[in-house]
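Please read it with the structure open beside you.

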Amino acid sequence: MSAPRPGAPRPLEKLALSLKAYPTLLRIGLAEAVAYRTEMLVWMLTLTMPLVSMVLWSSAAQGTRLGPERLGSAELTAYFLITLLLRLLTGSWVLWQVSEDIRSGTLGQRLLRPVSPLVVYTAEQLAPLPLRAALVLPLALGLLATQARSQLTSDPWLITAFVLALPGAWAINFLTMVLLGMMAFYIDSAAGLFYAWMGLYTLFSGYLMPLSLFPLWLQKVSDVLPFRYMLDSPVKMLLGWPIAGGARDTALGRGQALTSLGIEYAYVAVLALLVVLLWRRGLRRFAAFGA
Amino acid sequence: MGRLSGLRPAARQYGRLLGLQLRVSLLAGMQYRWDFLAQGAMQLVWLGMSALPLLIAYNARAAAQGGTLTTTDISGWGFYPAAVVFGCFCLLKAVLDGAVNPSLLSVIDQIRKGTLDFVLLKPADAQFLVSTARFEPWHVIDAAGALALIALAVHRQHLATGAALPGGLQLGSAAVLLCCSVLMLYAVWLLVICAAFYVVRIDNLSYLFSSLFDFARWPRAVFRGALQVVFTYVLPLAVMTSFPTDALLGRLRPWQAAWAVAIAAGLLFLSRRVWRRAIASYTSASS
């Protein structure tokens, strides 16, 4: 499949083709999201875990302040609300689509189109975001404004860093999900891998609690893994907390935000490369038992 | 009188039927022996991981207040009682995932494909048949883990505070209340499933219920204001895990026990009524 055949578009032409088709792909994706809007709303309501954590942690901080950051109930409430918001905006479940396409063979139909399936997947995953945001943002911003207004940073640099971190967080999510889905080229069911991955994610991303409340050695582990750059770090940027822990400190926060962004996008680059390489290898195998 | 004498053979018949369904599920599960063990081990890892926030929260609070794990409380609940609540949550979740979820989820599929007709034709109660259709036996492993956790926490509480170990009355009432919780879960689930007769795409409604159930993992005192009222009286999540814990620790008031039994009976009755109506209005896939 990867070897250029006579008459097949050359890489540059292919890129131009993809760019031309992209707006249409996005429009189709959005139309589909609108068609299944109730389903999406129900799916969004299933993300209760940050709220479950919030209930416990704001009670635990009642009348005292926890950890090296001296977190009170208000801080923890703000942390989990932003966590919820981020999860809704950067989450991606493309794994099921990819593995289903490979297993059932519908990938063959996708391959017939002139645009690479990988590009189509990104469009399908990005398209519903405006609708998701429209459903979530009013509620989340309302809650943040009433419950945690004073907790958010007002530093323009940190807010910029937060905004810049969002596409990266989305990309890490998307790429790892594609990678896991592509395991269907080799093994029967990717579900076990997915759950193991989700377990690690839940633990090391700051989904259950701010990572600075972890024992020190677990924090060290989480620094190396990609998970915290998808959640904990961006959240801390918006709150103005230094990413390595400690009380709110804008100057320190700025420097650490920059480092964190650097690591985040390095992960994006490595993962993107891995996806493209493994995708080619996988396709050869797919063609082998398909044709 | 005549009705009663007819009840016993019926009970025996359904008992045999349940045994058969269980055996089929067990055989199907044991075909993949390694899978069985791997899934069980995975569940235990999950159990340990989801207990982590509780441990860290109590430790952080203890450190902030200069106390120890055993003297610290969150909203009036000590660490060990909270651990018992968490154990009850894990136990209920194991029952839910192992015995309630798989069967009822397959109903949704059958409605969509139209194969529910075959179930309705069988000479046994349809609700019984669909509720016992599938079990996932490896959840026995995490249920055992949850029970061990409960026992450990109760024992530690006894060592730490000198509270008496639960006697027969406490154990019995806790067991009854846990059974009530399972019945509540089953009834609420059945109500969700009944919605599938009217709205066809409902798969994620089932996830919605599972994720709402996550709120039951903490003692009910951590919920404040409206949430506490909702979780005690409307969607009795707090009742399901906190009441059995209170019973085990010998501090449940009789009216609370009565309330739990009443909700379970009420929900069961309601779900049975709704199921009957839903089945009556079900027109199968062809018409």
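1. Helix H9 (residues 156-182) and H12 of chain A pack with their axes 8 Å apart and at an angle of about 160 degrees, where axes are lines fitted to C-alpha atoms, for helices over the stretch in contact, and angles run from 0 to 180 degrees between N-to-C directions. H9(A) is therefore roughly antiparallel to H12(A), a term used for angles over 145 degrees. Helices here are DSSP runs (H or I, at least four residues), numbered from the N terminus.

2. This is a predicted model, in which local features need pLDDT of at least 70 and side-chain atom pairs count only at pLDDT 80 or more, while totals for chains, interfaces and linings use all residues. Residues are numbered from 1 along each chain as its sequence is written, and chains are lettered from A and ligands numbered from 1 in the order in which they are written.

3. On the H9(A) side, the contact between the two helices is made by Leu158(A), Ala161(A), Phe162(A), Ala165(A), Leu166(A) and Ala169(A), and on the H12(A) side by Ser233(A), Pro234(A), Met237(A) and Leu238(A); two residues are in contact if their C-beta atoms, placed from the backbone, lie within 7 Å. By class, these residues are nine nonpolar, one polar and no charged, with Ala, Val, Leu, Ile, Met, Phe, Trp, Tyr, Cys and Pro counted as nonpolar, Asp, Glu, Lys and Arg as charged, and the others, Gly among them, as polar.

4. H12(A), residues 232-239, is mostly covered, with eight of its eight residues buried, that is, with 20 or more other C-beta atoms within 10 Å of their own. Asp232(A) and Lys236(A) are among the buried residues. After the helix comes Gly240(A), whose phi is positive, near 80 degrees.

5. Arg228(A) sits in the loop between helix H11 (216-224) and H12 of chain A, and Arg228(A) counts as buried because 26 other C-beta atoms lie within 10 Å. Beyond its neighbours within four places in sequence, Arg228(A) is in contact with several residues, including Phe204(A), Leu211(A) and Ser233(A). Phe204(A) is 24 residues from Arg228(A) in sequence, yet the two are 6.2 Å apart in space, C-alpha to C-alpha.

6. The contact of the two chains takes 25 residues from chain A and 25 residues from chain B. On the chain B side, helix H2 (33-65) and helix H8 (203-213) each supply at least two residues, and H2(B) gives the most, with eleven residues. That side of chain B has 18 nonpolar, four polar and three charged residues.

Technical notes
Buried ≥ 20, exposed ≤ 12 C-beta atoms within 10 Å, placed from the backbone. Parallel < 35°, antiparallel > 145°, perpendicular 65-115°, else oblique.
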